[in-house]
Amino acid sequence: MISDQIQKAVQSAVAELGMQAGEVVLEHPGELSRGDYATNVAMALAKKAVVKPKDLAEKIATAIRAQNIPEIAKVEVAGPGFINFYLSQTFLVSEIAKIVSLGGQYGLNKTLAGKTVMLEYTSPNLFKPLHIGNLVGNILGESLSRLLIASGAEVKRINYPSDIGLTVAKGVWGLQKTGGNPKDIKALGEAYRVGNTAYDEAGDEKKEIEVINKALYEYSNPTLTTLRKDGIATSLLHLEMLCKKLGTKFDTQFFESQSALLGRDIVLANITNGIFEKSDGAVIYKGEVDGLHTRVFLNSHGLPTYEAKEVGLFKLKSEAYPNFDISITVTGNEQLDFFRVVFSAIKKVFKEETKGKVLRHVPNGFLTLTTGKMSSRKGNVITGESLIETVQEMVREKVKDRGFDVSTTEIVAESVAIGAIKYSILRQQMGSNIIFDFEKSLSFEGDSGPYLQYTTVRARTVLAKAKIVGLVPSTKNSPKSIGDLERVIYRFPEVLERATHDYAPHLLVTFAVELSATFNAFYANQTIIDGKDPDSLYRLAITSAVASVLEQCLYVLAIPLPEKM
RNA sequence: GCCCUCGUAGUUCAAUGGAUAGAACUGCGGACUUCUAAGCCGUCAAUGUUGGUUCGAUUCCAACCGAGGGCACCA
């Protein structure tokens with residue numbers, strides 16, 4: 001990458017002056033007028049060297065100029081002692097040519113080549129409609145997995161649904177009460193709602209549900225077991241459809257019914273060695289040794305808690321993928337402290353299996369809706385699906401005016417709705433809570449999923465039109481001076497790499513918006529297709545590069561791209 | 001009480017310790033007989049408070065104020 005090249009150039013220039021630069025910090029100046037890269041080495045070194053930062057910067061700049069690097073057109077000292085680099089037109093144009101020829105391969109890197117990553121996300125409660133929180137986790141998780149793949153990692157997408165426990169018991173109890181068909185997803189949702197309400201009233205119903213819960217764990221009642229089995233199958237099928245809509249396909253599923261007793265046994269086996277200890281009839285792990293807090297792994301009835309199930313789950317995972325390098329769990333940010341403790345325990349129990357490996361919890365934020373439309377009156381929970389459906393309906397109305405046929409309208413409405421939702425979740429740093437504003441997300445004006453989709457579709461439309469006229473994009477004849485687009489688009493590979501490194505899809509979102517805005521300004525400023533203008537072919541090359549990079553951004557964010565808008 | 005997140009324009013979000021804190025929405029004002037106007041151009045507007053570290057702090061440290069979450073048998 002060009003940034004590495006500049007880093008090296010700075011380092012050797014500093015060394016020439018008899019100093020040690022260490023890690024050279026390179027950044028993109030806030031404004032393009034200040035160049036493409038800037039470094040602050042002179043300011044950082046000036047103090048030690050007892051010289052004025054600007055004088056030192058000038059010396060370093062001179063040494064760099066002497067290297068005659070073809071990619072660098074100009075080196076300048078500015079402000080308090082920054083050294084600014086201006087990339088050469090030849091380099092920038094060659095990047096455009098590179099993007100056009102490489103297409104979707106442009107920008108991929110090998111920083112995680114050879115690494116296997118287990119990435120667990122979504123992980124819903126079966127029997128219970130998919131909650132918005134699950135939706136957020138799925139969206140973040142899918143984008144993370146695509147980011148890791150773009151860096152060469154082999155990613156195993158893992159789903160960990162809860163198929164046993166109180167939630168399921170509530171649903172089964174509800175099915176018996178309502179007589180609902182366990183193969184009907186709507187009846188299942190209704191059954192859970194009935195069961196959940198009854199449980200909260202804490203009367204005889206609560207006891208009945210607890211009895212069912214125990215019976216399900218023990219498989220002691222065939223009727224109940226069948227209801228559970230059918231309900232789970234229905235839920236899973238439904239989940240799979242929803243995930244498909246969202247762009248996820250899991251490699252593996254582990255169920256809580258597998259991890260529960262396994263986890264319990266592992267915990268029991270690690271009491272004598274002092275990792276876990278008994279306390280008030282329960283089995284606990286004292287996180288205080290690691291500066292954390294105590295958590296209960298087995299309750300006083302000897303049943304595994306969520307904590308112990310995680311221990312069992314790790315066993316399942318590490319057996320399925322013994323050669324993994326990184327294990328990531330994406331869940332709500334309220335579980336931050338929980339996972340610190342659980343990972344601390346797991347690392348002790350599985351000392352060998354976790355040696356040299358990374359266990360990481362990636363929190364996703366809590367999503368709240370600003371408008372009253374979706375608020376949960378009457379105790380109705382907002383499901384992930386109803387969110388998508390509501391947004392889709394709003395989009396549908398807008399798309400109708402465009403005069404598409406019925407099936408196109410439907411496809412576009414779904415893509416745009418999902419794009420809008422995903423964008424509003426991925427645009428900010430993960431972990432912080434998300435405010436989802438219906439009006440704003442669906443205004444389609446700037447800083448939105450539809451904005452990115454629209455820009456990409458627009459660029460593709462232009463390319464298609466040019467093709468019909470017989471114009472082929474080319475960078476052979478670039479104009480005397482080039483614009484801002486070339487100076488933004490070549491940054492894509494470094495943005496992608498950093499987004500992976502920081503687990504931060506939002507960096508890619510920010511970049512995609514900036515690129516889109518630059519392209520839209522470019523588009524508005526002139527006519528791209530003009531058979532009489534020799535520069536037209538170059539403008540088409542740029543358009544092609546933009547379309548290609550934006551498509552990649554959307555792909556990594558797992559935002560669908562409609563054919564037209 | 002202890003611990004963890006976090007606090008940036010009216011609103012929703014950006015800003016690997018850097019230069020004039022960037023967008024979008026809203027408000028106000030424009031351009032358009034061009035390939036998609038879900039677009040483009042201009043403009044008003046912000047770092048919770050008080051200290052500290054630093055050549056330089058939205059960023060690091062401390063205290064305070066405020067929001068959310070967690071802290072023994074839920075997940």
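**Entry 1: H6 and H9**

I began with two helices and found that H6 and H9 are roughly perpendicular to each other, a term for angles of 65 to 115 degrees. I took helices as DSSP runs of H or I with at least four residues, and strands as E runs of at least two, numbered from the N terminus. Helix H6 covers residues 166-178 and helix H9 residues 222-246; their axes come within 10 Å and cross at roughly 110 degrees. The axes are lines fitted to C-alpha atoms over the stretch in contact, and the angles run from 0 to 180 degrees between N-to-C directions.

I then listed the residues that meet: Val168, Gly171, Val172 and Leu175 from H6, with Leu224, Leu227, Arg228 and Gly231 from H9. Contact here means C-beta atoms, placed from the backbone, within 7 Å. By class, the contact of H6 with H9 has five nonpolar, two polar and one charged residue. I counted Ala, Val, Leu, Ile, Met, Phe, Trp, Tyr, Cys and Pro as nonpolar, Asp, Glu, Lys and Arg as charged, and the others, Gly among them, as polar.

**Entry 2: source**

I noted that this is a predicted model, in which local features need pLDDT of at least 70 and side-chain atom pairs count only at pLDDT 80 or more, while totals for chains, interfaces and linings use all residues. Residues are numbered from 1 along each chain as its sequence is written, and chains are lettered from A and ligands numbered from 1 in the order in which they are written.

**Entry 3: H6 and H7**

Among the contact residues are Trp173 and Lys177 of H6 and Tyr192 and Tyr199 of H7. The contact of H6 with H7 divides into eight nonpolar, five polar and three charged residues.

**Entry 4: chain A**

I counted 20 helices and 14 strands in chain A. Of its 565 residues, 43% are buried (20 or more other C-beta atoms within 10 Å of the residue's own, all placed from the backbone). An automatic or database assignment gives domain 1 (2-87) and domain 2 (163-246). Their centres, taken over C-alpha atoms, are 65 Å apart.

**Entry 5: RNA strand B**

I found 77 residues around RNA strand B, with Glu27, Asn299, Gln428, Gly446 and Thr527 coming nearest; near means a C-beta atom, placed from the backbone, within 6 Å. This surface has 35 nonpolar, 26 polar and 16 charged residues.

Key. A residue is buried if 20 or more other C-beta atoms lie within 10 Å of its own, exposed if 12 or fewer, and partly exposed in between; C-beta atoms are placed from the backbone. Angles under 35 degrees count as roughly parallel, over 145 as roughly antiparallel, 65 to 115 as roughly perpendicular and the rest as oblique. Two residues are in contact if their C-beta atoms, placed from the backbone, lie within 7 Å.
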